[in-house]
Amino acid sequence: MSLETELSPVYGDAFVTGQIGDARTLVPILASDSPSSYIVSLVFNGLVKYDKNVELTGDLAESWDIEERGLVIVFHLRKGVKWHDGYPFTARDVKFTYECLIDPDIPTPYSGDFRMIKAVEIIDDYTLKVTYKEPFAPGLTSWGMPIMPEHILKGHNLLTTDFARNPVGTGPYKFKRWKTGERIDLVSNHGYFEHRPYIDRYIYRVIPDTATMFLELETFGIDSMSLTPLQYTRQTDTPFFRKRFQKFKYPMFVYTFMAYNLKDKKFKDKTVRRALNYAVDKNEIINGALLGQGRIATGQFVPESWAFNPEVKPYPFDPEKAKGMLGEAGWNDSDADGWLDKNGEKFEFTIIINQGNDTRRMAAEIIQRRLKDIGVKVNIRVLEWSVFINEFVNKKRFEALIMGWGLGREPDCFDIFHSSKTRTGEFNFITYSNPEVDRLLVEGRRTFDRSERKKIYREIHRILYEDQPYMFLYIPDALVAVNSRFQGIEASPIGIAYNFIDWWVPKDKQRFKY
Amino acid sequence: MARYIIRRVLQIIPILLGITIISFAVIHLAPGKPTDLMLQLNPKIEYEAREKLERIYGLDKPLYAQYFDWLKKLMRLDFGNSFTDNRPVIDKIFERLPVTLLINFLAMAVILIFSIPIGVKSAVKRGSFFDKVMTVLVFIGFAAPGFWLALLLMSFFGVRLGILPVSGIVSLDFENFTLSHKTVDLLRHLILPVSVASIGGVAGISRYMRQSMLGVISQDYIRTARAKGLSERTVIHKHALRNALLPIITILGLSIPALISGSVILETIFGIPGMGRLMVEAVFTRDYNVVMAGLVISAFLTLAGNLIADIAYVYADPRIRYDKISRPVR
Amino acid sequence: MTKKLLRNKLTLFGAGIILLLVLIAVFAPYITKYDPTCINIQDALLRPSLEHPFGTDSLGRDLFTRIIYASRIALLIGFVAVGLAAAIGVFFGSVAGYFGGKIDSAIMRFADVMLCFPAFFLILAVIAVVGPGIFNIMVVIGLTSWMGMARLIRAEILSLKTRDYVLASRSLGASNFFIITKHLIPNGIGPVLVSLIFGVAGAILTEAGLSFIGLGVQPPDPSWGNILMEGKAVMGAGWWVILFPGLAILITVLAFNLFGEGLRDALNPGKS
């Protein structure tokens, strides 16, 4: 072990990350897939962002004032910020981005929150006044949306513009080159308004197979990757690995669940859904599918969220109780064939999952097994994503499915649980309807006071667990390996990438010179 | 001969048309639309976004209208734009084609270099130890599932021995290399994929060669040549081999379409940005224009390849030529 | 012919393995006491031992058992898929070869069209439409691989139909159907049988390929392809999960190929 003689950051080196998918478009408001969003987050900035304590802090906006009980937000923008081509950033860029977002001819997926805005006024080059139609608490978070340059994009068709493959932003890294299907190269922005990033180059390598990716990590072809639970627990404990890599584990703002189609007569009865919850051992799923790298989910909010209700405890694993409850609901094995039945119909259903997710597949198999033990027959169907979404989720042609929600830090879940959001393609595809929850969801959006909102969302959390529209399964941990030469990494509830511009490599350990 | 060729070329057109109709129908039968993938179930994503997108891409028009739109564009050799990122399909294909072609040509070269001698020797020394060993070895290579073999080789040569790169087609600092260094780098990256890709072919072609050679050797004219006192070497190389190679020519012609197709499995494992991944990803994202372009080009090459193979066979096989049979029996 | 078959040691080896495989598939429950779908998280990824000769997989299931049961699926898919292809191919090929003329042209043109599509890609695209699953896979492979066999039987029939016994049969008043099914097909079936044997091997490899994409046999049913895929995910932590199914496929495909080759050698000793 050599002593680090350099204790202060130096510039240089490159960071190579391995990812499965390639980006699609680098126009921020059109980038809806993870790889594209990843690159966009390095090249662009929003008005606000989350800091390591999961609180909103200024990005392109230095500060803001909330006026008139939440109807108006006035943003005071940072001065002296330049686009990568040297042009100055002003409030005009923000207004331009807003106009694109609500433009009916631009198919951006993110317009929802911006439709709640009544008007955006430019007060001066660095001051912007946003007026909402009604007080809208999630609004502030939505301004984390990356801002686009008006001077380049005005008048261009965002769908066909070259900008999608050659973006210009204000962010810490500038776009250099994109070799489709292979890699994307970024270089550091020396004039970045926070400070020049220490790592000079960022290389995003597309490696479509996780087994190959791990081999690349071992041979130093990449510096970082997301580990599967298995890789994290079993393959990275060798002395070689511990010397060369640092591992990080932090909670994700994601949870996996099994959704019931509440229009299906089997699942209409709340008692049945609660019974099934007793019949499945979530710890078994976490140990089996996640190898222990995760926690039980009890609802829409993860423990790191202020909306989380710690008093909602998960049901214990109790198959006997489950059988009893199902018996009360009329499900018994009257023909002694090993399966429960009611009115001559066997209790059988199909869980659909999307292909490509091993963890969900294993979870499904475990659920299948445990429900078999209490006499419920489960079939598993794996579908490609496109078919999964279109045929089954959108058209509601399913009995049960396993999926996950990636949550923002803003707890508003109106789109998922409000009874009005049940049209084709909307997110309440289970047809859940609870008037009390509806009322609370509307309240939660209009209230700005944190302690008030806390009460509202905790109540929602409690009711949802009782109603069991989903069998809430698990919250996986993010597991990341990074080459040990990178200094300055601090894990936090929002991950490790938030302070990427502060990471650095000692001169004698740098691998990439140019 | 010329009339025959013209007749065959004209026949290609209706077949190609039929293929486009079948392809169009089949991929549109698959449930789901390209727009589904743009909206990856992010709760913040809007309901109307999908409809907007469908309108923009013309996906809301009836199928036959969409087909004719596509066909009209094809007449101008315009394959349309990809639904995933709106770039011209032709650009996306030309990005991926060079790598696939390179790998396939190299694989074909490797196959020919190995399988012809192996086949010939196995036939000449039929039943010998060499023949038996080669049979087993060659079949083992063929029987091993491609990606299994790929992973084993990658782990061994890449990780264990560390002498070959694990994946990708060039190193990270490729741009800064000299030309000769670049060539070496590229070849080093291609050794494993080409090896795995050619194993099956070596098996197939060497067996075919052996078969063909056996057939030729037993012919009368070979016995005549031997009786004339010609050396065994001349008999084999000059007379037998030339005739035994004829079917291989047919195979080469039939392999033309395969030159543009990449194995999605190998490309995924080795991280090669080739045609295989492009096409399979297009199927999964319902990127109709890319899929149709791939199928049309592949079909065209198949038909062209067949025609070339037939013509080449006629020229190579004097029996057919001199017997004035204008249409070789396939 | 049979004598020649028996003489070749490699062919016998191939046939022997195939026989062994069929026996294993049929008697699977007697060979192993474990349930192939029984999940036991605490036993996940155990090394091979006396208890578990091939180790366990990531859900604690005995790997040896899963591989044995998977042989059933492999043989099922192989024989049914290829059987279907053979049925279709023999039908089309014999009709085309016997009747000739426009019918022949039409059928062969149709086969040409089918051959224009890259094989694996076509299978993949159709599975994307109809969905994965053992039944669908068998049918799709069958529907897309008949062309080769059609060509083979057609070639045989073209040469056989001018033989004396056929002419004699016809002059005695035999119907076309009778001639085709009683004389031509049985005598011309040789190459098709060879193709069939190779086809089974191919179907097994195709299923492995489909499993790689995730469109193969679905959980919890074990197939060598999907076990191999699982093995890929746990490669560094459990070499047995990837080694054994790979070997199973290798040995099986090898056996079928050796047997097929031997059959071909025996059927036409000198013809190319």
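Modeller: Two residues are in contact if their C-beta atoms, placed from the backbone, lie within 7 Å. This is a predicted model, in which local features need pLDDT of at least 70, side-chain atom pairs count only at pLDDT 80 or more, and totals for chains, interfaces and linings use all residues. Residues are numbered from 1 along each chain as its sequence is written, and chains are lettered from A and ligands numbered from 1 in the order in which they are written.

Colleague: How many residues of chain C are in contact with chain B?

Modeller: By that definition, 34 residues of chain C are in contact with 36 residues of chain B.

Colleague: Which helix gives the most to the side of chain C that touches chain B?

Modeller: That is α12(C), with nine residues; helices are DSSP runs of H or I with at least four residues, numbered from the N terminus.

Colleague: How do the residues of this side of chain C divide into nonpolar, polar and charged?

Modeller: There are 24 nonpolar, five polar and five charged residues. Ala, Val, Leu, Ile, Met, Phe, Trp, Tyr, Cys and Pro count as nonpolar, Asp, Glu, Lys and Arg as charged, and the others, Gly among them, as polar.

Colleague: What makes up the contact between chain B and chain A?

Modeller: Chain B provides 43 residues and chain A 46 residues. On the side of chain B that touches chain A, α3(B) gives the most, with six residues. This side of chain B divides into 19 nonpolar, 13 polar and 11 charged residues.

Definitions and conventions:
Helix = DSSP H or I, 4+ residues; strand = E, 2+ residues; numbered from the N terminus.
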